[in-house]
Amino acid sequence: MAATDGARQPGEANGVDETMQSSTMSFTGDFSAQLAALIAGGVSKEEMDSISALPSGSALLIVRRGSNVGARFLLDTDTQVAGRHPNAEIFLDDVTVSRRHAEFTRHGRVFQMRDLGSLNGTYYNGERVDAVTLMSGGEVQVGKFRLTFYSSPLDATVPVAPADPSADGTAGL
């Protein structure tokens, strides 16, 4: 009850006794899965087992944000398309994703991603890209989906060739 002189009593704000207020919070499965992955250092035991078992020349994309958090997409062919089209190898069902949004290509043991002229763009580690060489642990964003790229641990020592042959200093030799 409010004091008659207008002064607030302890535990009272705007005439409401705060000690009587309570609240309940609930989290969706999507948020719970994201939180569990963050607490576990970003990779669950099952995901780590899957990554460790990848053969040379393959990679894994794991959905971190979007309607299918935790979904895994194996990259084990030379070309795979991510998009909203039901025939896309990497099917991402949301209006923020173009039908043929991005393409993942394998060159030996190195993977690259390129945007296929999507409306909302394709992002790698927070930057919009037309094409990029993927590194293990990098974040790919396609529409509202965020996926983490993991290459086979057997390919961890594979050097990445520079995109521009003159960039390595051997051009003209």
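Author: Phe104 touches Leu61, Leu75, Asp78, Thr79, Gln80, Ala82, Ile90, Gln112, Met113, Leu134 and Val140, leaving aside residues up to four places away in sequence. Contact means heavy atoms within 4.5 Å.

This is a predicted model: local features need pLDDT of at least 70, side-chain atom pairs count only at pLDDT 80 or more, and totals for chains, interfaces and linings use all residues. Residues are numbered from 1 along each chain as its sequence is written, and side-chain values use heavy atoms, without hydrogens and water.

Phe104 is also among the residues with the most contacts inside the largest nonpolar core. A nonpolar core is a set of buried Ala, Val, Leu, Ile, Met, Phe, Trp, Tyr and Cys residues joined through side-chain atoms within 4.5 Å. Buried means under 20% relative accessible area, exposed over 50%, partly exposed in between (1.4 Å probe, protein chains only). S3, S4, S7, S8 (110-115), S12 (139-142) and S13 (145-151) each supply at least two residues of the core. Strands are DSSP runs of E, at least two residues, and helices are runs of H or I, at least four, numbered from the N terminus. A second, separate core has 6 residues, including Val43, Ile51, Leu60 and Ile62.

Now the strands. S7 (residues 102-107) runs antiparallel to S5, with 4 bridges between them. Two strands pair if DSSP finds at least two bridges between them. Val81 has Glu103 of S7 as its bridge partner. S5 (residues 79-83) is mostly covered, with 4 of its 5 residues buried. S5 also joins S6 (residues 90-91) through 2 bridges, in the parallel sense. There, Gly83 is partnered by Phe91.

Next, S3 (residues 59-65) and S4. They are antiparallel and share 4 bridges. Leu61 has Phe73 of S4 as its bridge partner. S4 (residues 72-75) is two-faced: Phe73 and Leu75 are on the covered face, Arg72 and Leu74 on the uncovered one. The hairpin of S3 and S4 has 6 residues between the strands, and in it Gly66 takes a positive phi near 140°.

Finally, the wider setting. The protein has 2 helices and 13 strands. Of its 173 residues, 34% count as buried. Among contacts with a separation of 6 or more, 39% link residues 24 or more positions apart.
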